[in-house]
Amino acid sequence: MKPIVALVGRPNVGKSTLFNRLAGERLAIVDDTPGTTRDRLFGEAEWNGRIFNIVDTGGIDPTHGGKTPLSIGSADFVEDIRKQAQVAIQEADAILFITDGESGVT
């Protein structure tokens, strides 16, 4: 069985772009709009001769308690997206936590 690597992080930090790069093809939709990815997306990758499965996840929106979500277009699905990311984390052998270096600490 191939190891599973989950790509997780906030909305719009480049998870889907990295997923496509690792998969070697455009499987995930990449857009500037936060919340484009909502469900888990699976692919296969090879790195340094090792083959593994990769999982793209929707952005984990840290917004709670009536604040405006980061993913305006997916505001109704914030909790569902978070649950899908949590499933990916639980099933993963390794987790890559992706951040946006330009945004700095948030």
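Reader: Which side chains meet Arg82 and Glu79 in a salt bridge, and how far apart are N and O?

Author: In this predicted model, the side chains of Arg82 and Glu79 meet each other, with 2.4 Å from N to O. Because the two residues are 3 apart in helix α2, about one helical turn separates them. Arg82 counts as buried because its relative accessibility is 11%, under the 20% cut-off, whereas Glu79, with a relative accessible area of 41%, is partly exposed.

Reader: Which parts of the chain does the salt bridge of Lys2 with Glu44 tie together?

Author: The closest N and O atoms of Lys2 and Glu44 are 2.3 Å apart. Lys2 lies in the segment before β1 and Glu44 in strand β2, so this pair ties together parts that are 42 residues apart in sequence.

Reader: And where do Glu91 and Arg40 lie?

Author: Glu91 and Arg40 form a salt bridge at 3.3 Å, N to O, and the pair links distant parts of the chain, with Glu91 in helix α2 and Arg40 in the loop between α1 and β2, 51 residues apart.

Reader: How should I read the sheet, and what is the order of its strands?

Author: Strands of a sheet pair through backbone hydrogen bonds, and the pairing may be parallel or antiparallel. Here 4 strands form an open sheet in the order β2-β3-β1-β4, with mixed pairing. β2 (41-47) and β4 (94-98) are the edge strands, each pairing on one side only. Strands β1 and β3 run parallel and are joined by 4 bridges, with Val5 standing opposite Ile54 in β3.

Reader: Which strands does helix α1 lie across?

Author: Helix α1 (residues 15-23) lies across β1, β2, β3 and β4, and runs at about 55° to β2.

Technical notes:
Residues are numbered from 1 along each chain as its sequence is written. This is a predicted model: local features need pLDDT of at least 70, side-chain atom pairs count only at pLDDT 80 or more; totals for chains, interfaces and linings use all residues. Side-chain values use heavy atoms; hydrogens and water are left out. Two strands pair if DSSP finds at least two bridges between them. Contact means heavy atoms within 4.5 Å. Axes are lines fitted to C-alpha atoms, for helices over the stretch in contact, and angles run from 0 to 180 degrees between N-to-C directions. A salt bridge is a side-chain nitrogen of Lys or Arg within 4 Å of a carboxyl oxygen of Asp or Glu. Buried means under 20% relative accessible area, exposed over 50%, partly exposed in between (1.4 Å probe, protein chains only).
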